[in-house]
Amino acid sequence: MIIPTYNRAALLRRALNSVFNQTYRPIEVVIVDDGSTDDTTRIVEDWRLGKENSDFTVIFISQRNKGAPAARNLGYTSSRGDYIQFFDSDDVLVEEKIEAQVLALQLHKSASFAWSGCVTQRGAPRTHLFRVGPERWKFSRTKPTEGFRVPIATGIFRRGACDQIGLWTESLRRHQDWEYGVRYLASGAKSVSSDQVGYITMAHNGGRIDDLDSNTFDRIGYLEAACSSAEEKSNGPGCSAAKIRIAQYYSVAMIQSLLSGHRLSARRFLTKIRRLLPVKTVVRAKNELLYIGVVLLGARFCRFVVRHFVSNGSRIFLKKFDS
């Protein structure tokens, strides 16, 4: 359980109690104070009294203020568990969440991430929303071209998947979950999901990462950086699932570049797709035809293709690039 926190003394105890109240054991809690100037240290030290034993351990680390991604990285490298939960210090876990998701990963050996629903609440959270049971889990069908729409904190990873993804990108001020999730999907890994609620985002008047100016998010730049990172880890021979997924993300960036009239950028992404995939691959062939069509017929051709031949989820994802 990796919990970065910064000046959340008034909210932290509630979040930590939801961790302690989990029906699953053993749990290792790694709390990283990212240079808080409030009573965070006192709150943590008071809270951990009488709670630690062989099945529930607490590691409390302080660092100078570097941001949430750096705090998560320090927490991760200081942890030892086989399953990893990244948890925000102002939110709440449903009591059966970890038990249910560990069971899901034990039942579905090929999956590396198990996630469930999330709701936003104000006031006292309702924490008995989950039913533990194997019949409630299914493999996720999210397509790479639809982005990564799952808040990372709603699920747990196998540790090996986190090792494969790599550390959080510490330069990002916003959309850190999105970038990390893109790298996860681009790795070719599988997920299982349940529509039951396991995570509660608590509405409050304090600041949140999502409150930062949306102009700080260069979606194409972040998408390219995330895919480049994943590509470095998929350099083996053949046309792997990871390479296809990375190419699909590059396809999103190419389409958006074409729609924006940036043909040089579009050609750069097409070159990346060609480098990843053999000539006869469907993903490569579609993108080459689309690029040639735009060169010959103009951007209207690209808009026509997106309107009539791209899935609804992918169109929603593309619209977010213009927001």
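**Reading helix packing and cores**

Q: Which residues of helix H6 meet which residues of helix H8?
A: With contact taken as heavy atoms within 4.5 Å, Val-182, Leu-185 and Ala-186 of H6 meet Ala-242, Arg-245, Ile-246 and Tyr-249 of H8. The model is predicted, so local features need pLDDT of at least 70 and side-chain atom pairs count only at pLDDT 80 or more, while totals for chains, interfaces and linings use all residues. Residues are numbered from 1 along each chain as its sequence is written, and side-chain values use heavy atoms, with hydrogens and water left out.

Q: At what angle do H6 and H8 pack, and how far apart are their axes?
A: Helices are DSSP runs (H or I, at least four residues), and angles between N-to-C directions run from 0 to 180 degrees. Here H6, residues 176-186, and H8, residues 241-259, pack at an angle of about 135 degrees, with their axes 8 Å apart.

Q: How do the axes of H9 and H10 cross?
A: The axes of H9, residues 263-276, and H10, residues 282-297, come within 10 Å and cross at roughly 160 degrees, which means that H9 is roughly antiparallel to H10. On the H9 side the contact is made by Arg-263, Ala-266, Arg-267, Leu-270, Ile-273 and Arg-274, and on the H10 side by Arg-284, Asn-287, Glu-288, Tyr-291, Val-294 and Val-295. The contact of H9 with H10 has six nonpolar, one polar and five charged residues.

Q: Is Lys-272 buried or exposed?
A: Burial is read from relative accessible area (buried under 20%, exposed over 50%, partly exposed in between, with a 1.4 Å probe and protein chains only). Lys-272, whose place is in H9, is buried, because its relative accessible area is 12%. Leaving aside neighbours within four places in sequence, Lys-272 is in contact with Glu-224, Ser-228 and Tyr-250.

Q: How many residues has the largest nonpolar core, and which have the most contacts inside it?
A: A nonpolar core is a set of buried Ala, Val, Leu, Ile, Met, Phe, Trp, Tyr and Cys residues joined through side-chain atoms within 4.5 Å. The largest has 51 residues, and those with the most contacts inside it are Phe-86, Phe-157, Tyr-180, Tyr-184, Leu-223, Leu-258 and Leu-290. The largest share of this core, nine residues, comes from H8. Leaving aside neighbours within four places in sequence, Leu-290 is in contact with Met-254, Ile-255, Leu-258, Phe-301, Cys-302 and Val-305.

Conventions. Helix = DSSP H or I, 4+ residues; strand = E, 2+ residues; numbered from the N terminus. Parallel < 35°, antiparallel > 145°, perpendicular 65-115°, else oblique. Nonpolar A, V, L, I, M, F, W, Y, C, P; charged D, E, K, R; others polar.
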